[in-house]
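The questions below ask how each label is reached.

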Amino acid sequence: RRTGSPGAGAFSHHHGNRFVAGDSIVEGQEIFVDYGTSWFEYREEIMGPIPFDEEYDLADMLLGKFFELERVNDDDDDDGTSLSPDVLGGLWELIREDLLDDRVRLRLALPRNLEGARRAHRTGSAAHSVPGMMRAPRWLRENGACLDNMRPGSSNIPHAGRGAFATRRLKGGRVVTSAPMMHMHRDSLRMYKRDESGTGGGNDKGESIRYTGDQLLLNYCYGHPNSSVLLFPYAPAVNFVNGAPEGTQPNAFLRWSDMSYHRSEWLDMSAGEVLTKDHTGLILEFVASRDIQEGEEILIDYGDGWRDEWDRHSEGWNVSDDDRNYVSASVLNDMDAPVLTAREQKDEPYPSNVMTACLVPEDYEQG
């Protein structure tokens with residue numbers, strides 16, 4: 001409860017979302033989710049045009065029609081009019097390169113040559129466009145990492161909220177899980193608000209702004225307090241791993257991974273050099289420091305600095321009006337009530353933790 005714990009607001013209450021298989025998934029198949037077309041359109045200058053569902057559906061239709069032609073051709077083979085593979089290949093290239101010259105996304109959804117077209121006809125053009133989507137079990141054992149050694153649950157540690165628990169017995173020295181780390185500049189999590197009192201700093205529009213705090217994501221990041229670099233781990237349940245409370249020994253520790261995907265050379269770079277990278281490259285491993293029993297909470301050492309800051313915060317914490325009046329923004333969104341205008345909010349203000357914002361599509365054109 002926000003009025004009964006100094007940990008109030010320190011962690012997210014949004015959890016339990018799950019990915020559900022929308023189709024049959026076979027062993028070794030890569031899992032994909034729908035990012036939406038706007039995700040690719042926004043990155044088109046970097047990635048180039050990417051075919052969408054519409055183009056892959058059309059590509060599958062064209063492949064079906066094309067190889068119907070081949071079947072008819074085979075049926076007529078006895079009269080000596082059979083088309084040679086070279087002729088069929090030339091016809092395919094004509095369709096792809098010339099007849100579809102102005103349909104860039106559709107052209108990219110179609111394989112370049114006849115051999116590729118045959119494979120795409122068997123597997124589907126979308127699956128054919130991702131040749132590495134299937135991995136053999138042996139390859140996974142040699143190159144992959146187990147990600148189901150932990151599950152989230154309610155922690156017994158006071159003020160901790162949720163924690164990560166072992167799904168099976170783990171021997172000391174075993175890698176519990178691996179976590180790719182997303183790097184970001186610490187300042188990117190700072191939040192600002194227009195200051196109507198005029199006491200804040202100014203921006204390039206002459207408006208007064210003030211710093212109001214940091215995004216909640218900060219509490220899930222790793223980093224040195226004097227460094228501009230923050231590392232956010234993203235892997236199942238890793239963000240639920242708590243620090244061992246006073247009087248309790250941790251049962252796991254962190255180390256850099258020795259997986260081939262870990263860019264160990266980044267560790268010799270400056271913070272500024274790491275921040276220029278436009279992709280992830282660092283991987284941390286959670287390793288069992290002793291045997292861990294099934295159902296036992298995974299705990300690491302957050303360090304003396306974190307404990308000192310927690311003690312300072314909890315000793316000086318008092319229930320505020322903001323805590324008493326707190327209403328989650330998700331609750332207001334679920335009510336589906338009309339959004340109050342700025343004038344209406346003067347008489348009927350939202351809780352201080354809630355703000356309103358407009359979501360404007362990138363392609364929006366003001367009339």
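Two strands pair if DSSP finds at least two bridges between them; strands (E, at least two residues) are DSSP runs, numbered from the N terminus. The model is predicted, so local features need pLDDT of at least 70 and side-chain atom pairs pLDDT 80 or more, while totals for chains, interfaces and linings use all residues. Residues are numbered from 1 along each chain as its sequence is written, and side-chain values use heavy atoms, without hydrogens and water.

Q: What makes β9 and β10 (residues 282-288) a pair?
A: DSSP needs at least two bridges, and 5 bridges join these antiparallel strands. Phenylalanine 253 stands opposite valine 287 in β10.

Q: Why is one side of β7 (229-233) and of β9 (252-256) left without a neighbour in the sheet?
A: The open antiparallel sheet has the order β7-β3-β10-β9. β7 and β9 stand at its edges, so each has a single partner strand.

Q: Why is the pair of tyrosine 302 and tryptophan 306 called edge-to-face?
A: Rings of Phe, Tyr and Trp (its six-membered ring) pair if their centres lie within 6.5 Å; planes under 30 degrees apart count as stacked, over 60 as edge-to-face and the rest as tilted. Here the centres are 4.9 Å apart and the planes stand at 80°, so the pair is edge-to-face.

Q: Why does tyrosine 302 count as partly exposed?
A: Buried means under 20% relative accessible area, exposed over 50%, partly exposed in between (1.4 Å probe, protein chains only). Tyrosine 302 has 31%, so it counts as partly exposed; tryptophan 306, at 43%, also counts as partly exposed.

Technical notes
Helices (H or I, at least four residues) and strands (E, at least two) are DSSP runs, numbered from the N terminus.
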